[in-house]
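Q: I want to learn how to read a structure feature by feature. Can we start with a single loop residue?

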Amino acid sequence: MEVMKMREEPILLAILNALSKRMTLSYEEKQSKINMEKGFIGEMQFDQLMTESAESEAVVLQDLLLRIKGNSVQVDALMLTQDVVYLYEIKNYDGEYVMKSGQLYTVLSQEISNPLTQLNRTSSLLRQLFQSWSINMTIEANIVFVNPSFMLYQANPDDPIIFLNQIKRHFFQISQQQAFRSGLPKKVTQLAERLSEKHQKEVPFQKQLPDYNYDGLRKGLLCRQCGSFEVEVTQRSCRCERCGYKETLDEVILCHIKEYKLLFPQEKVTTNLIYEWCAKSVTKKRIQQILNKYYRKKGQTIGTFYD
Ligand SMILES: [Zn+2]
């Protein structure tokens with residue numbers, strides 16, 4: 001199994017995480033951060049299980065964002081084998097749910113949107129894309145519930161659902177079907193390449209983001225492990241006074257440059273800005289060294305910036 005496209009932390013989540021340490025988020029923003037985190041953790045758990053159990057010759061694409069016929073389509077995971085493309089919609093729901101005539105409810109009878117509907121939409125659009133590319137591959141789509149505390153009552157055994165304790169068997173069965181075949185046909189790897197080329201980088205919509213600006217954010221060095229501002233800086237390293245996490249000074253500075261670029265992608269990065277961003281806890285000289293080493297320098301002495 002080869003992972004051709006790896007999953008990354010969603011940009012919106014990374015921004016919310018960074019902001020949560022430097023400003024106070026509203027209740028809704030905190031909630032949306034928690035939900036996104038939960039979804040992301042579930043997806044990574046699935047990736048892990050897949051890596052452990054899938055032995056077959058296959059190409060895997062994690063987290064694709066595609067535009068198909070004007071529709072935005074989010075694909076959690078795709079596994080391309082010799083003649084079947086497996087599509088997975090991953091859900092990290094916890095607690096008890098009931099399926100009643102095609103609708104999904106919490107045990108308190110609150111209706112929630114049915115992931116099967118979403119799955120049908122995704123697989124239908126993907127089929128249309130394959131058709132337009134004259135690709136003749138079967139798509140087998142499944143919802144995967146990865147949370148150990150998830151329970152679904154009255155599910156139809158025919159529904160395309162894989163529960164946590166079925167994941168390993170699912171991959172085992174695929175391996176069995178593939179056992180006598182050797183090597184993936186070129187058309188399959190070409191399809192995987194074509195799909196990952198079509199992947200669009202996520203751009204968070206302004207309205208999804210909290211309202212923030214440079215002045216409103218707390219400056220200073222942060223511990224990457226626990227988010228504390230109580231970081232002790234020495235000649236070569238940084239040590240968190242709260243949790244004891246230690247990193248080299250270079251790593252810490254690089255991390256803060258990346259954080260700044262994530263939050264202010266339009267702004268030009270300068271030594272002075274990063275110096276302020278770190279609340280002057282690191283010398284300008286050191287920051288400049290790092291910028292020179294890892295970023296491209298633009299402009300003359302005055303007005304020098306990096307990208
Ligand atoms: Zn810490």
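A: Start with Gln154. Gln154 sits in the loop between strand S9 (150–153) and strand S10 (161–163). Helices (H or I, at least four residues) and strands (E, at least two) are DSSP runs, numbered from the N terminus. This is a predicted model: local features need pLDDT of at least 70, side-chain atom pairs count only at pLDDT 80 or more, and totals for chains, interfaces and linings use all residues. Residues are numbered from 1 along each chain as its sequence is written.

Q: Is Gln154 buried or exposed?

A: Count C-beta atoms, placed from the backbone, within 10 Å of the residue's own: 20 or more others means buried, 12 or fewer exposed, and in between partly exposed. Gln154 has 10 other C-beta atoms within 10 Å, so Gln154 is exposed.

Q: What does the backbone of Gln154 show in phi?

A: Most residues other than glycine have a negative phi. Gln154 is not a glycine, yet its phi is positive, about 60°. Ala279 also is not a glycine and has a positive phi, about 55°. Ala279 lies in the loop between helix H7 (271–277) and helix H8 (284–294). Ala279 counts as exposed because it has 12 C-beta neighbours inside 10 Å.

Q: How do I check the length of a helix, say H5?

A: The expected span is 1.5 Å times one less than the number of residues. Helix H5 (residues 186–198) has 13 residues, so it should span 18 Å, and its end C-alpha atoms are 18 Å apart, which agrees. H2 has 27 residues and reaches 39 Å from its first C-alpha to its last, close to the 39 Å expected.

Q: Which residues of H5 are buried?

A: Val188, Leu191, Ala192 and Leu195. They cover an arc of only 100° around the axis, so they lie on the same side of H5. The arc is that of the directions from the helix axis to the C-beta atoms. The face turned away from the buried side carries the exposed residues Lys186, Gln190, Arg194 and Glu197.

Q: Which residues of H2 are buried?

A: Gly42, Glu43, Phe46, Asp47 and Met50. The buried residues of H2 pack against S2, S3, S4, S8 and H4. Take Gly42: with 21 C-beta neighbours inside 10 Å, it counts as buried. Leaving aside neighbours within four places in sequence, Gly42 is in contact with Ile90, Lys91, Asn92, Val146 and Asn147.

Q: How many residues are in the largest nonpolar core?

A: In soluble globular proteins, nonpolar side chains tend to be buried together. Here a nonpolar core is a set of buried Ala, Val, Leu, Ile, Met, Phe, Trp, Tyr and Cys residues joined through C-beta atoms within 7 Å. The largest has 34 residues, and those with the most contacts inside it are Val60, Leu78, Met79, Leu80, Leu87 and Val144. Elements giving two or more residues to this core include helix H2 (27–53), strand S4 (84–91), strand S8 (138–145) and H5. A second, separate core of 18 residues includes Leu222, Val231, Ile287 and Tyr306.

Q: What does Leu78 touch?

A: Neighbours within four places in sequence aside, Leu78 is in contact with Val60, Leu61, Leu64, Val85, Tyr86 and Leu87.

Q: Into which domains is the protein divided?

A: Domain bounds come from an automatic or database domain assignment. That gives domain 1 (2–198) and domain 2 (213–306). Their C-alpha centres lie 36 Å apart. Across the boundary, 6 residues of domain 1 are in contact with 8 residues of domain 2. The side of domain 1 that touches domain 2 has 4 nonpolar, no polar and 2 charged residues. For these classes, Ala, Val, Leu, Ile, Met, Phe, Trp, Tyr, Cys and Pro count as nonpolar, Asp, Glu, Lys and Arg as charged, and the others, Gly among them, as polar.

Q: How many helices and strands does the protein have?

A: The protein has 8 helices and 15 strands. Of its 307 residues, 22% count as buried.

Methods. Contact = placed C-beta atoms within 7 Å.
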